[in-house]
Amino acid sequence: MYNADEWDEMLRHVQKPGRYIGGEWNEIKKDPGSVKTKVALAFPDLYEVGMSYLGQKILYHILNADDSILAERVFTPWVDCEKELKKRKLTLSSLESKIPICAFDIIGFSLLYELNYSNILTIFDTGKIPFLSSDRSLKYPLVIAGGPAVFNPEPVADLFDAFLIGDGEEAFLEIIKI
């Protein structure tokens, strides 16, 4: 987690800091030290786009209903925030607890359409996660993807450790338990 002053200072230099602070109605905050598994639900687009996606809201609710799982959200930073993260050598973090995404156990991407593929790389880059699955050791999170765009996963197969094809509501819980 970040020092609040460090994060606040960075946010003073972005156009829309509300994209990166969370605090919305129905946000769920848990103590990261009290859970067995930490999951980052990554949406490879801006906050405003990702927050309208019902699938992420459903997964967020289902995962957080389990006391042993912490699920937090992360979105692609806009170019101004990406620049500030790199300039300050900060790591992209979750909305709720400001946990750097590379510190999660699992990162689950919702891939809705192919035009988001380049944003996957932005999340990896600002999250300090190697692009290729083959370049990641066990010290990095398990990176999985689900959603409509993974019915043909081949274009991004080298980036992910696993794909969940089909509805993720029950299967994602099974993956986390294993």
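The buried residues of helix H3 pack against strand S1 (37–43), helix H2 (47–50), strand S2 (69–75) and helix H6 (168–177). Keep in mind that this is a predicted model. H3 itself covers residues 54–64, and its buried residues are Gly 55, Gln 56, Leu 59, Tyr 60, Leu 63 and Asn 64. Looking down the axis of H3, you find these buried residues within an arc of 145°, so they line one face of the helix. What does the face turned away from the buried side carry? There we have the exposed residues Leu 54 and His 61.

Stay with Tyr 60 for a moment, one of the buried residues of H3. The charged end of Arg 73 sits over the Tyr 60 ring, 5.0 Å from the ring's centre.

Now the aromatic rings. How many aromatic pairs does a search of the whole structure find? Seven. One of them is Phe 124 with Phe 160: the ring centres are 6.4 Å apart and the planes are at 55°, so this pair is tilted.

Where do the two rings come from? Phe 124 is in helix H5 (residues 117–126), while Phe 160 is in the loop between strand S4 (142–146) and strand S5 (162–164), so the pair ties together parts that are 36 residues apart in sequence. Are they buried or exposed? Phe 124 is buried, at a relative accessible area of 0%, and Phe 160 is buried too, at 3%.

Phe 160 also forms a tilted pair with Phe 163, with 5.4 Å from centre to centre and 55° between the planes. Phe 163 has a relative accessibility of 25%, so it counts as partly exposed. Back at Phe 124, Arg 136 lies over the face of the ring, 5.2 Å from the ring centre.

Elsewhere, Phe 43, Tyr 47, Tyr 53 and Phe 75 form one aromatic cluster.

Which residues is Glu 82 in contact with, leaving aside neighbours within four places in sequence? They are Pro 77, Thr 122, Asp 125 and Thr 126. Of these, Thr 122, Asp 125 and Thr 126 fall in the residue range of helix H5, 117–126, the helix that also holds Phe 124.

That is what I wanted to show.

Technical notes: Residues are numbered from 1 along each chain as its sequence is written. This is a predicted model: local features need pLDDT of at least 70, side-chain atom pairs count only at pLDDT 80 or more; totals for chains, interfaces and linings use all residues. Side-chain values use heavy atoms; hydrogens and water are left out. Rings of Phe, Tyr and Trp (its six-membered ring) pair if their centres lie within 6.5 Å; planes under 30 degrees apart count as stacked, over 60 as edge-to-face and the rest as tilted. Helices (H or I, at least four residues) and strands (E, at least two) are DSSP runs, numbered from the N terminus. Buried means under 20% relative accessible area, exposed over 50%, partly exposed in between (1.4 Å probe, protein chains only). A charge sits over a ring if NZ of Lys or CZ of Arg is within 6 Å of the ring centre and within 35 degrees of the ring normal. The arc is that of the directions from the helix axis to the C-beta atoms. Contact means heavy atoms within 4.5 Å.
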